[in-house]
Amino acid sequence: MPEFAWPWVFVLLPLPWVAWRVLKPVSPGQALRLPHASLSWSAGKHVSAGSTASWLLALGWLSLLVAAARPQTLGPPQAQMHSGRAMMLAVDLSGSMQTPDMVLGGQQLSRFGAVEAIAGDFISRRSGDEIGLVLFGTRAFLVTPLTYDLSAVRAQLQSAVVGLPGTETAIGDAIAVAAKRLAALPEQARVLILLTDGVNNSGSISPQDAARAAKAAGVRIYTIGVGATRMVVPGVFGDSVVNPSADLDADMLTYIAHETGGQFYRATDGDQLADAYRAIDALEPLPQHGPTFRLHHELFRVPLALAGACLLLGLLWPRWKSVGA
């Protein structure tokens, strides 16, 4: 059932008549006439062109008021899933993230390829959280501010390029950038998921100092160390087995997580990476329901179009009649 958002607009209904009375007072013996209204009572008692124009103008004015009163219908109630949690993702884009040592679904992928697939799915499931994205290498950048638009965050992650922010790893700076954004919000659950495959070797702040600052700001950090522990590398004298994650500073990532009340996860392949995100998903649950809201569907376009047509016809009708007479 349509209803009006601004029904008070209809108090303006007599405004044209009032304006006509004020601007053109009626003399004591004069009959009351509407604008352009001159009833001609001939033998056939037909309505004159002026009266037709008056009715068109009146209908146009009424339609204009209907449009201005914002007629609308209400959609069905929908649950509003806002958890009140602000979650930042900090993803390493240093040069080593191109290392093709991850296996996901039987396919060999680079480290960032696995992160893009698993983290993208994680983002899609977090409907109700505000999520932001920090990408870091030699420098750390806030790419997506905190938003409920999860598709925008996922698109930014998918369009990221390994090595673009530099080939080194500024873990401390990434934590500082994310924690600053989280701390600026009203007090609520604040979460940072930090994913890296190396050791802090760049930036202006140490990871330990950044972790202490994040703890003071009430930010809980989950750290994920990504990269296989075994990789076959072809060489001149035959294949050799190396540890591609020898540079990963697991002790530092463990300290950051424990200092801030989070957890450290080690992901040597795509399945373990998916397990890490599932564990975080379980530790930071979303609400099962929230306050309901109803979408408003505006219906002003039809009465507005009718108002324009009637007002235009009402103004042109006397001329057409005079030309045809």
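## Helix 8 and residue I280

I280 is located in helix 8, which comprises residues 270-283; helices (H or I, at least four residues) and strands (E, at least two) are DSSP runs, numbered from the N terminus. The model is predicted: local features need pLDDT of at least 70, side-chain atom pairs count only at pLDDT 80 or more, and totals for chains, interfaces and linings use all residues. Residues are numbered from 1 along each chain as its sequence is written, and side-chain values use heavy atoms, with hydrogens and water left out.

With a relative accessible area of 0%, I280 is buried (under 20% relative accessible area; exposed is over 50% and partly exposed in between, with a 1.4 Å probe and protein chains only). Not counting residues up to four places away in sequence, I280 touches F122, I193, Y222, I224 and Y265, where contact means heavy atoms within 4.5 Å. The C-alpha atoms of I280 and Q263 are separated by 8.5 Å, at a distance of 17 residues along the chain.

Helix 8 lies across strand 9 (190-196), strand 10 (219-226) and strand 13, and runs at about 155° to strand 13. Axes are lines fitted to C-alpha atoms, for helices over the stretch in contact, and angles run from 0 to 180 degrees between N-to-C directions.

## Residue I224 in strand 10

I224, a contact of I280, is found in strand 10. I224 is likewise buried, with a relative accessible area of 0%. Leaving aside neighbours within four places in sequence, the contacts of I224 include I193, L194, L195 and T196. Also among them are L253, Y265 and A267, together with L273, A276, Y277 and I280.

Q263 is 39 residues from I224 along the chain, and the C-alpha atoms of I224 and Q263 are separated by 8.5 Å.

An open sheet is formed by 6 strands in the order 8-7-4-9-10-13, with mixed pairing; two strands pair if DSSP finds at least two bridges between them. Its edge strands are strand 8 (140-147) and strand 13 (264-267), each of which pairs on one side only. On average, neighbouring strands of this sheet are turned by 15° against each other, direction ignored.

Strand 7 (residues 130-136) and strand 8 form a hairpin with 3 residues between them. Their pairing is antiparallel and extends over 5 bridges. V134 has L142 of strand 8 as its bridge partner, while L135 stands opposite F141 in strand 8. In a regular strand the side chains alternate between the two faces of the sheet.

Strand 1 is joined to strand 2 by 2 bridges, and F4 has P71 in strand 2 as its bridge partner. Strand 2 and strand 15 pair over 3 bridges, in the antiparallel sense; T73 stands opposite H297 in strand 15.

R70 is placed in the loop between helix 2 (49-68) and strand 2 (71-74). Although R70 is not a glycine, its phi is positive, at about 55°. R70 counts as partly exposed, at 26% relative accessibility.

## The second largest pocket

The second largest pocket has a volume of about 150 Å³. On a 1 Å grid over the protein atoms alone, a pocket is an open set of points with protein on both sides within 12 Å along at least five of seven lines, whereas a cavity is a set of points where a 1.4 Å probe fits but cannot get out; lining residues have an atom within 4 Å of a point. Grid points are joined across faces, edges and corners, and a volume is the space filled by probe spheres set on the points.

The lining of this pocket consists of 14 residues, of which S96, D197, G198, V199 and D247 lie nearest its centre. The lining residues divide into 2 nonpolar, 8 polar and 4 charged. Ala, Val, Leu, Ile, Met, Phe, Trp, Tyr, Cys and Pro count as nonpolar, Asp, Glu, Lys and Arg as charged, and the others, Gly among them, as polar.

## The chain as a whole

The protein chain contains 9 helices and 15 strands. Of its 325 residues, 37% are buried. Among contacts with a separation of 6 or more, 77% are between residues 24 or more positions apart.
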